[in-house]
Amino acid sequence: MLIKFAIRDFIDEKIFNNLSEKTIHNYELTLKSFQGFCSEREIIDVGEVTTQTIKSFLVYLVKERGNKPGSVNHKLKHLRVFFNYLLENDLVKNNPTEKIKRSKEETRIEVFTDKHIRQMLGYYRRLKQRDKSYYAYRDHTLIILLLGTGMRIGEVANLKWSDVDLINQTLTLFGKARKQQTLPITEKLVKELSEYRIFCERNFDELPKYVFATREGEQMGANALKKVFKRLKSIMNFKDVRLSAHTFRHTFAHRFLMNGGDVFTLQKLLRHSQLRMTERYLALWGTALKDNNEKFNPLNNLYT
């Protein structure tokens, strides 16, 4: 089968399987790039693709496209899923990605310090006193929510007031693969969201459907939320940390572990499907965890 036809069939199946638009879009980007690479080398049929073809494509991504190891690994994963689909449907005899190992990724994960957080929240508090009070309060609450939950930006964009249970202190989230999950929230966050809701009720004729809305009461999509952090980045001008929504997620994980939280609970709170994803944090901050273990270990106060 021609590579371009196989890609179309694969994408159609993912649409049928109800994957998110973002996931499908990412598959399309990788596979169309791969198809273009193959076409330039006169490889047009899926049966002509070899392990060396895949390796050459990955090298091309690094040298010609400037892709980082993490991005290359992500695209290798897409190709692996694609060829597994072809194998299951008897369109190829083997998966050419099978024996290709992932690139070694840089393990550094940036997190915000107390100073960073104070500066960001302080900026929005000062802004509340001026004519941009709605934007200031909304974006201030956005930061508090991310710090208190480690939510993904897509989950935040889809969060409705009907998903916020202030009585039972939970949020109902629709995350990756559109899975519905319930997330507990702290009393402090309940208070912040309660006050923000009252503020929204007073500033709109009718409470917006979504927690984070435009001045017109419409939903803010993930891209609109990312622009909030893009603007904040230019204002804060931090030199030692990347100001992005995902850095708040890393910061949540870091603080949770540093304060003595366990990796299994963190896995549930971050909604990671596999423990190994959460264990990346454990590996990075293992030294600090060792220090905490020395400090809080129950044997310290055990009389022997």
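**Exercise 1. Find where confidence is lowest and highest in this predicted model.**

Start with the whole protein chain: its mean pLDDT (the predictor's confidence in each residue, from 0 to 100) is 87, and 88% of its residues reach 70 or more. Helix α13 (residues 286-296) is lowest, at a mean of 58. Strand β1 (residues 164-165) is highest, at 96. Helices (H or I, at least four residues) and strands (E, at least two) are DSSP runs, numbered from the N terminus. Where pLDDT is low, the predicted coordinates should not be read in detail.

Two notes on the model. Residues are numbered from 1 along each chain as its sequence is written. This is a predicted model: local features need pLDDT of at least 70, and side-chain atom pairs count only at pLDDT 80 or more.

**Exercise 2. Work out the strand order of the open sheet.**

Step 1: take β1 and strand β2 (residues 170-174). Two bridges join them, and they run antiparallel. Strands pair if DSSP finds at least two bridges between them. D165 has T170 in β2 as its bridge partner.

Step 2: look at the turn. β1 and β2 form a hairpin with four residues between them. Q169 in this turn has a positive phi of about 60°.

Step 3: β2 and β3 pair over five bridges, in the antiparallel sense. Here L173 stands opposite Q181 in β3.

Step 4: read off the order. The three strands run β1-β2-β3, with antiparallel pairing. β1 and β3 (180-184) each have a single partner strand, so one side of each is left without a neighbour in the sheet.

Methods
Heavy atoms only, no water.
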